[in-house]
Amino acid sequence: MPSTTNDNLSNTKNIAPASFNLVGETTTSLSSLPSTLSISPRDRCRRCQQLVYVTERIGPVKDSLYHKLCFKCLKCDRQLDFKTYFTNSIDLNDKEIYCQSHVPRSGKGIFSTENIHIQNVMNAPKLNVMQKLDDRLKGTHLDSQSVSIAHAMKAQQMFEQGREKISSTHNFPALPPDILHAREEVRRAQKSLEEKQREEEDKLFVKFRVDRELEEKKIEREVIDEWEKKLQVLTAKYEDDLRRKKDKKTERELTLRFTKEKAELEQNMTLKRDKKREIVRKQLMEKEQETTHSLVSKFSKEMINLIQAKEREVLVENGVDDQLAASYSMIQLSQPPPPQPPCRHKRDLYEDPSIFEQVDQQAITVAESEQTSYTELIDQLTYGLLTDLDKARAIFRWITVKDLNAIDFQNNLGSDTPMGLLRGIKYGTETYHTLFMRLCSFAGLHCVDVKGHSKSVGYEPGMRIAEGKFTNTWNAVLIDGEWRFVQCNWGARHLVMSKDKKQVDKAPPTATREKIKYQYDEHYFLPDPEDFILEFFPFKSEWQLLESPINLTQFEQLPFVRSLFFHYHLSFVNQQNAVIQTDNRGACDIKLRMPDSLKHRLAFHFHLRFAHATNTNGQNDDSIDIHGVKLERYVLHTVQDDLVSFNIHVPQEGDYFIEIFASLVEPEPNPYGQSFKLKCVCKYRIGCPQLTQRMHPLPACASGEWGPTKAIRHFSIHPLTHFQSIFETNHLPILIKFQCPKILKFHGKLNSNQYATTPNNNNTMPSTAVPNILDKYVKYEYNEQDLTITFMINLPTEGQYGLDIYARDPEFQSEKRTMSHCCKYIINYSKTSMPSPAPIIETKNNNNNFYHDYSFDNPKSNGQQKIGSSNNNKIERSLSPRSISSNSSSSLPIPKVGGNASVLSQLGMSPISHSDPSITLQSTNNIELQFQIRKMVDFSFDLIYHHTFNDLSTRTSSINLNQHLSTSDYVAIKSNGGCNVTFALNLPKPGVYTFTIYAATPNTQNGQGELPAVFTYLLRSV
């Protein structure tokens, strides 16, 4: 701070309070204050011209400073930062900042009278125009071929041919002349009513502008009054301190302190004013939106009534038959019915959006042009469209294509201009749902808006929704007499440019029709109420459109999903609540089912993280690891057939979030090294209140799913020996064999928690990677004739290992020769035979309390049919984390069917419903097997799906995979008065199954807890 002279200090006794205005300038009568205390223009914000302090400074940008809140685009006021702002590179004198959409760019040249060539033309001798025209017309016959009108005639002809082409493509029936005449009259009446409504709306906008100006002045006056009062107090204190000064040094210190405190006061008042402005603007915006919505609702009713009255009037005047008039009426129902559940599902209206290809293209074409009235817009949008479904679709697609938030509105918009048509969007008074309701009324569709809560941005599973939080509004439109939901705001996406992967253009691509692809979210157009309720909860329960409405607490407990969940036709197998509670081992599982049409094309991933921002040490933490171990190593992610499983063992007590992602894998000529983007489909909150046992983390393999399904889905590499993600063995070497589609290069990588290895989470491995200590235990042999690869694994010691398998196609040579991750296995190796090993558990008394079990059910094996019992020294067991641990291998035959007579007699059991063990199910997957029992009996059962290798590949046939299915998913026990028991089976798909029932009385079980098999059914579902 510059020093102050004695003369300046002596004159500060006559200081008067300064004034404060909204521009940020401070006017004062402190004429005697030192000139060195004045603020330089370079320290002021370029936008608001107020003082910029270091704490809120951005810049300098082109020698200008900005407040953080003032750093906005000059055109659209969009908030910017250092990554998103642009400057004018054409005009270097332009010091302003812009967003990407509005930054000036070089383009076509501008022709004006200032151009040298045009000046020459303008200065040329001018002929008498009328004389010249007379000379040209001499002897000339004017007809439709004349040059002066040929272009217009041709344009009209092409326009008519275009309408005929649209009509022929859509197969629209030709309307009778009287109906066409009636619709033309209705259109004229709509235009007249729209002009009257626009005048009323213009008055409302004027009122909005006046109210905003009054509020701005009110804020300015309040802040200035407060500023002056506080400055008077500060000045009085300063003058009092000056009167009691002791020396010149103290006087200088007091002046510097006063200057600093005054600057701090001004800064605080500036922030307070900005905060007040923001609050008032938000309140005004909400009030204006509500007022606009009420006005548009009134306009919509007026427009519907006008269409009905005018159409009826014209048809009666022309003597049109009532039956004919009713069949072509623009509005089928004069009054909309009350809200009630629809009788049909969305799939009953349409199964594939491609049926709207012509309707969507028509909406896109209209969106690329400009209209000056809503009547003109709807006339173009709904031309040739006769059904409510097509009209609603055209309006929905127009709104989702038209990027309303990015439109460059001019400051002065006439209400009859193309952009003036949407001026409510500019001022923030009209929203997507209000616009949709307005347009529906012009098209003769009954439409209302529905207010409520939504699980929108910021919402997490398990959150309690407070009053006024997470509010949203959407539409309900009447389609063929049934109310359907439409959420335009969530359905709107931006357009993207389609890219040629093989072509690299240095210049930006040209936005041609062939390269533009408009994205939108199909789910939010007429979703079923039972799907829509997972994301949206209306305030009025009748607008849930459900047979049994739910309350807000139940809505909060519903699973957290996103639209891709429905787009991929996924379904929940078990977890139906948003919050999952683990058992005392920290274990839980999540299972999703895929449709058969996508089960070989969908790829999944997950993200597990702590739910709170602070960890156990009280420090801010949003990490995804604990003690240097990633949380994903406590999740076993597998895919088997159409079932996606996530088996979770959290490492410590607390709350977690797990987010599940999915993506559709498109076939690629070279799938190796390709990447794809996964998006969220659902999300859960996991709570672990108590943890008495703790799981070891999985081996540090590449991230992603376990098992061979990934190799099948992405690379067409099929397993020939090991079909489960986990298997146990007690003999070496382990031989794992695959069938390849072509000659490939492979690499195997072994990982174990017992050895120091380098974790790889990128799913790729460069050829120059540093080998791990365990790599020497993995060898492979490639048979180029049979196109088979055999991995031979010799493990150094007992324990759990993870095997990563990588591959690449030598035909596609890349610079780094990167290998892509194909699949991975978990291997549990023990030198002794373990027909049914118990988990190794350590209690909480030990600091390293881990356990080593990834099977959620205890094994119940069949002693008479135990595989490998003749050679107990060579047992290899395939385990599934979601199924019963079983001794299965690729050579396992279908078990012996029928009953064990001696055991049945001992237990007093006998089949009642199906005594024949061989059953064929026709056109159904459900069956109930009923038994009579006379004693207290413990039950267990196995359900095995016996399918051939033809289900996965056509290269090799007659290979029995014997897939053990989770009995908890497909089998339920029903008790009937204690004398009968019923096993209810719901088979997942057609095929051959065996269902084995194990039973024993509680006092006759052997020491190992095994139950003998009492009955085995052979089930054929066709």
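Analyst: Helices (H or I, at least four residues) and strands (E, at least two) are DSSP runs, numbered from the N terminus. This is a predicted model, where local features need pLDDT of at least 70, side-chain atom pairs count only at pLDDT 80 or more, and totals for chains, interfaces and linings use all residues. Residues are numbered from 1 along each chain as its sequence is written, and side-chain values use heavy atoms, with hydrogens and water left out.

User: In which helix does Leu214 lie, and is Leu214 buried or exposed?

Analyst: Helix 5 spans residues 177–243 and contains Leu214. Buried means under 20% relative accessible area, exposed over 50%, and partly exposed in between (1.4 Å probe, protein chains only). At a relative accessible area of 51%, Leu214 is exposed.

User: What accessible area do Val206, Val210 and Leu214 have together?

Analyst: Patches use residues with over 30% relative accessible area and no salt bridge; like charges are joined within 9 Å, nonpolar side chains (Val, Leu, Ile, Met, Phe, Trp, Tyr) within 5 Å. A salt bridge is a side-chain nitrogen of Lys or Arg within 4 Å of a carboxyl oxygen of Asp or Glu. Accessible areas come from the Shrake-Rupley method with a 1.4 Å probe, and for residues only the protein chains shown count as cover. Val206, Val210 and Leu214 form a nonpolar surface patch with about 240 Å².

User: How many residues does the largest nonpolar core have, and which have the most contacts inside it?

Analyst: A nonpolar core is a set of buried Ala, Val, Leu, Ile, Met, Phe, Trp, Tyr and Cys residues joined through side-chain atoms within 4.5 Å. The largest has 48 residues, and the most contacts inside it belong to Phe565, Phe604 and Val681. Among the elements that each supply at least two residues of this core are helix 17 (563–567), strand 17 (602–610) and strand 23 (679–688). A second, separate core, including Val186 and Leu445, has 47 residues.

User: Which residues does Phe604 touch?

Analyst: Contact means heavy atoms within 4.5 Å. Residues up to four places away in sequence are not counted. Phe604 then touches Leu570, Leu592, Met594, His637, Val644, Phe646, Ile660, Phe661, Ala662 and Leu678.

User: Which residue in strand 21 stands opposite Leu592?

Analyst: Strand 16 (residues 587–593) and strand 21 (residues 643–649) pair in the antiparallel sense over 7 bridges. Opposite Leu592 stands Val644.

User: Where is Pro60, and what is the peptide bond from Gly59 to Pro60?

Analyst: Pro60 is in strand 3 (residues 57–61). With omega near 5°, the bond from Gly59 to Pro60 is cis.

User: Where is Pro733 found?

Analyst: A cis bond joins Leu732 and Pro733, with omega about -5°. Pro733 is in the loop between strand 25 (726–729) and strand 26 (734–739).

User: Is Leu545 buried or exposed?

Analyst: Leu545 has a positive phi of about 55° although it is not a glycine. Leu545 lies in the loop between strand 12 (536–538) and helix 16 (552–557). At 3% relative accessibility, Leu545 counts as buried.

Note on methods
Two strands pair if DSSP finds at least two bridges between them.
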